[in-house]
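Welcome, and thanks for taking a look. Please have the sequence and the 3D view ready as you read.

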Amino acid sequence: MELGIGIGWRPEIADAVEELPGVDWVEVVAENICPGHLPAALTRLRSRGTRIIPHGVSLGLGGADRPSEQRLADLAERATALGAPLVTEHIAFVRAGGVLTASPQLEAGHLLPVPRTWDALKVLCENVRIAQDSLPVPLALENIAALISWPDEELTEGQFLAELVDRTGVGLLIDVANLHTNHVNRGEHPVKALDELPVEAIAYVHVAGGIERDGIWHDTHAHPVTQPVLDILSALRDRVTPPGVLLERDDDFPPAEELAAELTAIRTTVGVGTAPVHRGAGSNGPGGARPQERGGADPGARERLALGQAALLSALVAGTPTPEGFDSRRLRVQSRALAAKRADVVAKVAPELPEILGSGYRDAFLAYAKSRPMRAGYRRDALDFAEQLLIAGRPEDETARGLLTRWWEERAAPHPPRRATRLVRAARAALTRR
């Protein structure tokens, strides 16, 4: 299926996207749209024949648990409402804990890497098959950017993706910016990954910008696309003609002229290079002892994966010790990045909070996040943050505290928690921190 050149649709650039020349299709974050109330700009794009593809971020198919039936139903509903030719998600886990580990479930609020092991591959493949059976259109999965590496991995990224495709027939969404990120942060060479990939399984490609700070590449989606990322796109084009290429931008949106220039650079890169040879994994495919069993994941594999992911996520968001084999410095950097992202997203979903708290919002939220892992999404996180401030008698300014109280009352309960409730919740919080 040929898609052409596309751009990630965001409300902040909706008007610009409608006017940009040569945009063949758009991608929307699935969780950010309501099927019965599509934004008018998306409806106009559909009426013009522009394809719209929903891109999910919350399934967590790389997690130890089987995918949520409700989340799959929601994604299927969005695909149907948009008339989408396919849906996409990520090879990642986004939550951990729960029944398999007899511990509270924690939310990362971010895409975290799956260990490239045979155990994790079996679990991922079973989860992918469940998703494929639940969706009305084909599924394609995206490789993610990562700062941290799992110890004792058994496969390279290219080998892992090749096995995934071979066992499930799932499509691939290859993010060349993520390949660049993993090259800088984890020393993984993008050309080697491209050589091992089953490139004929690529549904489309992501291109995005980032920035390097202190030797670490931050995949921000808020900076211009760099030449090294375009070079990887060119190397991919030497191997196969990608059915579609999409520009992602999630923040610090530039003028429409700059977006148009980046789309032109992508279009030029895709059109330059030697004729593609459609080279798959071939002799460069997975090495080592390949398991003979290709059925579902055994319970032991899910439990082992669950314990590892819970330990890692707890270290990142709850301050527990670094699991054996992980780089503690990298985990501290990732932990700070997760907290900063929480603060930014909460400020977006609840813009009244930074308005009420002013310049003290960020420091207050980061202090809260140190002892309060996210458990039920960003909107609940915003309510919990406000509640904890009120329990502590903050903010000190009475006018601001009154505004925060009313904000909380309108969204959470008819009145702030009573003294007994506050004491119980404080005791639970103390136990959680132990």
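Here is a short tour of a helix pair, its aromatic rings and some backbone details.

## About the model

This is a predicted model, in which local features need pLDDT of at least 70, side-chain atom pairs count only at pLDDT 80 or more, and totals for chains, interfaces and linings use all residues. Residues are numbered from 1 along each chain as its sequence is written, and side-chain values use heavy atoms, leaving out hydrogens and water.

## Where H13 crosses H14

Let's start with helix H13 (residues 361-371) and helix H14 (residues 378-391), whose axes come within 11 Å and cross at roughly 95°. The axes are lines fitted to C-alpha atoms, for helices over the stretch in contact, with angles running from 0 to 180 degrees between N-to-C directions. Helices here are DSSP runs of H or I with at least four residues, and strands are E runs of at least two, both numbered from the N terminus.

On the H13 side, Tyr361, Ala364, Phe365 and Tyr368 meet Asp381, Asp384, Phe385, Gln388 and Leu389 of H14 (contact means heavy atoms within 4.5 Å). The residues of this contact divide into six nonpolar, one polar and two charged. In this scheme Ala, Val, Leu, Ile, Met, Phe, Trp, Tyr, Cys and Pro are nonpolar, Asp, Glu, Lys and Arg are charged, and the others, Gly among them, are polar.

## A cluster of rings

Rings of Phe, Tyr and Trp (its six-membered ring) pair if their centres lie within 6.5 Å; planes under 30 degrees apart are stacked, over 60 edge-to-face, and the rest tilted. The count by this rule is eight aromatic pairs. One of them is the tilted pair of Tyr361 and Phe365, 6.0 Å centre to centre with 35° between the planes.

Tyr368 and Phe385 also form a tilted pair, at 5.3 Å and 50°. This pair links Tyr368 in helix H13 with Phe385 in helix H14, 17 residues apart. Tyr361, Phe365, Tyr368 and Phe385 form one aromatic cluster. Tyr361 and Phe365 are buried, as are Tyr368 and Phe385 (buried means under 20% relative accessible area, exposed over 50%, partly exposed in between, with a 1.4 Å probe and protein chains only).

## Backbone details to check

Most residues other than glycine have a negative phi, and most peptide bonds are trans. The bond from Arg394 to Pro395 is cis, with omega near -5°.

Asp152 has a positive phi near 60° and is exposed, at 70% relative accessibility. His221 has a positive phi of about 55°, but is buried at 10%.
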